[in-house]
Amino acid sequence: MSAHLYLSPHLDDAVFSCGGLMAMQDARGEPLSVLTLFAGDPPGYRISTFAAQLHARWGKAGPPIAMRRAEDRLACGRLGASVVHLDFPDAIYRVDETDEPLYPTSESLFTGDALEEDELLEDLVQALEDIDFGDALLYCPFGLGEHVDHLLTRRAVERLDVPLRFYADMPYTARSEELKAQFDPQSAEWESILLTSEAIDAWVAAVLEYQSQLSTFWQDEDELYKELNGFHDEFGGIPLRKTS
């Protein structure tokens with residue numbers, strides 16, 4: 001029986017991207033885990049104006065990371081997955097040596113550049129090397145959309161030199177023909193895993209547990225279902241690119 005470990009940059013990415021696949025694996029009785037890298041509290045609880053604006057959107061005046069970790073446990077629990085939360089802070093909380101935010105705007109998060117963060121990358125690699133993955137299949141974000149934390153996750157995991165299954169970052173991939181093209185299986189071993197309707201329903205139900213994040217991405221449950229189901233149908237399942 002295969003075990004599965006999903007590497008998630010933030011407290012929602014793995015479920016947003018692979019919740020239906022996780023539901024299918026759980027239905028087969030296969031062990032599941034989700035490891036979130038950037039799940040730590042803001043250092044010193046000091047946040048930028050941009051981070052404060054996001055907190056307000058999420059419905060919290062102060063740092064809401066404990067709330068987001070609770071949401072993640074509920075969502076993953078719906079899918080039969082255990083969770084591991086590392087304590088690295090989200091990009092919106094990280095600062096340079098003068099305490100200025102490294103990523104002060106939404107646009108700055110999606111440049112693909114980890115500004116002055118070579119040391120962070122090494123720390124991520126070390127943290128992952130200290131984890132015993134056993135024989136679990138590892139799933140990693142491809143980095144579509146070039147969110148800095150998604151790319152840092154990919155770069156760190158690739159340093160482990162283990163077989164990987166890359167998943168398409170959602171919902172960014174579903175909303176961009178350019179990103180879909182980047183995930184095209186021209187020169188990679190890949191597969192597309194067809195989901196049952198029950199698995200898609202479970203995927204939607206799990207995503208709905210991230211109450212703080214829903215308004216950022218979807219107007220309502222109907223729009224969420226249409227996007228996830230449409231993405232699945234367009235790719236003929238959940239697409240994964242594999243390394244040997």
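Contact means that heavy atoms lie within 4.5 Å. The model is predicted: local features need pLDDT of at least 70, side-chain atom pairs count only at pLDDT 80 or more, and totals for chains, interfaces and linings use all residues. Residues are numbered from 1 along each chain as its sequence is written, and side-chain values use heavy atoms, with hydrogens and water left out.

**View A. Surroundings of histidine 150.** Histidine 150 belongs to helix α6 (residues 148–158); helices are DSSP runs of H or I with at least four residues, numbered from the N terminus. Not counting residues up to four places away in sequence, histidine 150 touches Pro9, His10, Asp13, Pro141, Gly143, Asp169 and Tyr172. Its side chain forms a polar contact of 3.3 Å with that of aspartate 13 (a pair of N or O atoms within 3.5 Å, of which, within protein, one must be able to donate a hydrogen and the other to accept it; residues adjacent in sequence count only if both atoms are side-chain atoms). Histidine 150 counts as buried because its relative accessibility is 2% (buried means under 20% relative accessible area, exposed over 50%, partly exposed in between, with a 1.4 Å probe and protein chains only).

View B. In α2 (residues 49–58), the buried residues are Phe50, Ala51, Leu54, His55 and Trp58. Seen down the axis of α2, they fall within an arc of 140 degrees, so they line one face of the helix (the arc is that of the directions from the helix axis to the C-beta atoms). The face turned away from this buried side carries exposed Thr49, Gln53 and Ala56. The buried residues of α2 pack against α3 (65–78), α4 (106–109) and α9 (211–217).

Key: Helices (H or I, at least four residues) and strands (E, at least two) are DSSP runs, numbered from the N terminus.
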